[in-house]
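Me: Could you walk me through this model and tell me what stands behind each label?

Reply: Gladly; here it is.

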Amino acid sequence: MLFIVSGDYLFQVGSECYQLKTGEIIFLQRNIPHTFVQLSTTGKMIFLFQP
């Protein structure tokens, strides 16, 4: 799970794309390829890893 503290990001999860802004959350499922790019000049995220 990723929480966007500040900034704008574009995530690709499998074949789907999601644009997230400050305060939004995305959950990334195991075994699904994913990547992201920061769209704003600055940004911060919190990564939460849970078994």
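Me: Which residues make up the largest nonpolar core?

Reply: First, a word on the ground rules: this is a predicted model, where local features need pLDDT of at least 70, side-chain atom pairs count only at pLDDT 80 or more, and totals for chains, interfaces and linings use all residues. Residues are numbered from 1 along each chain as its sequence is written, and side-chain values use heavy atoms, with hydrogens and water left out. The core has nine residues: Leu 2, Ile 4, Tyr 9, Phe 11, Val 13, Leu 20, Ile 26, Leu 28 and Met 45. Two or more of them come from each of E1 and strand E2 (9–13), and E2 gives the most, three residues.

Me: What makes a set of residues a nonpolar core?

Reply: Its members are buried Ala, Val, Leu, Ile, Met, Phe, Trp, Tyr and Cys residues joined through side-chain atoms within 4.5 Å. Buried means under 20% relative accessible area (1.4 Å probe, protein chains only), exposed over 50%, and partly exposed in between.

Me: Which residues does Leu 20 contact, leaving aside neighbours within four places in sequence?

Reply: Ile 4, Gly 7, Asp 8, Tyr 9, Phe 11, Ile 25 and Ile 26, where contact means heavy atoms within 4.5 Å.

Me: Why is Asn 31 called exposed?

Reply: Its relative accessibility is 74%, and the label asks for over 50%, so Asn 31 counts as exposed. Asn 31 sits in the loop between strand E4 (25–26) and strand E5 (34–38). Its phi is near 65°, a positive value in a residue other than glycine. Most residues other than glycine have a negative phi.

Me: How do you know that E1 pairs with E4 and with E6?

Reply: Strands are DSSP runs of at least two residues (E), numbered from the N terminus, and two of them pair if DSSP finds at least two bridges between them. Strand E1 (residues 2–6) has two bridges to E4 and four to strand E6 (residues 44–47), so both count as pairs. Leu 2 has Ile 26 as its bridge partner in E4 and stands opposite Phe 47 in E6, while Phe 3 stands opposite Ile 46 in E6.

Me: What makes E4 and E6 edge strands?

Reply: The open sheet runs E4-E1-E6 with antiparallel pairing, and E4 and E6 each pair on one side only.
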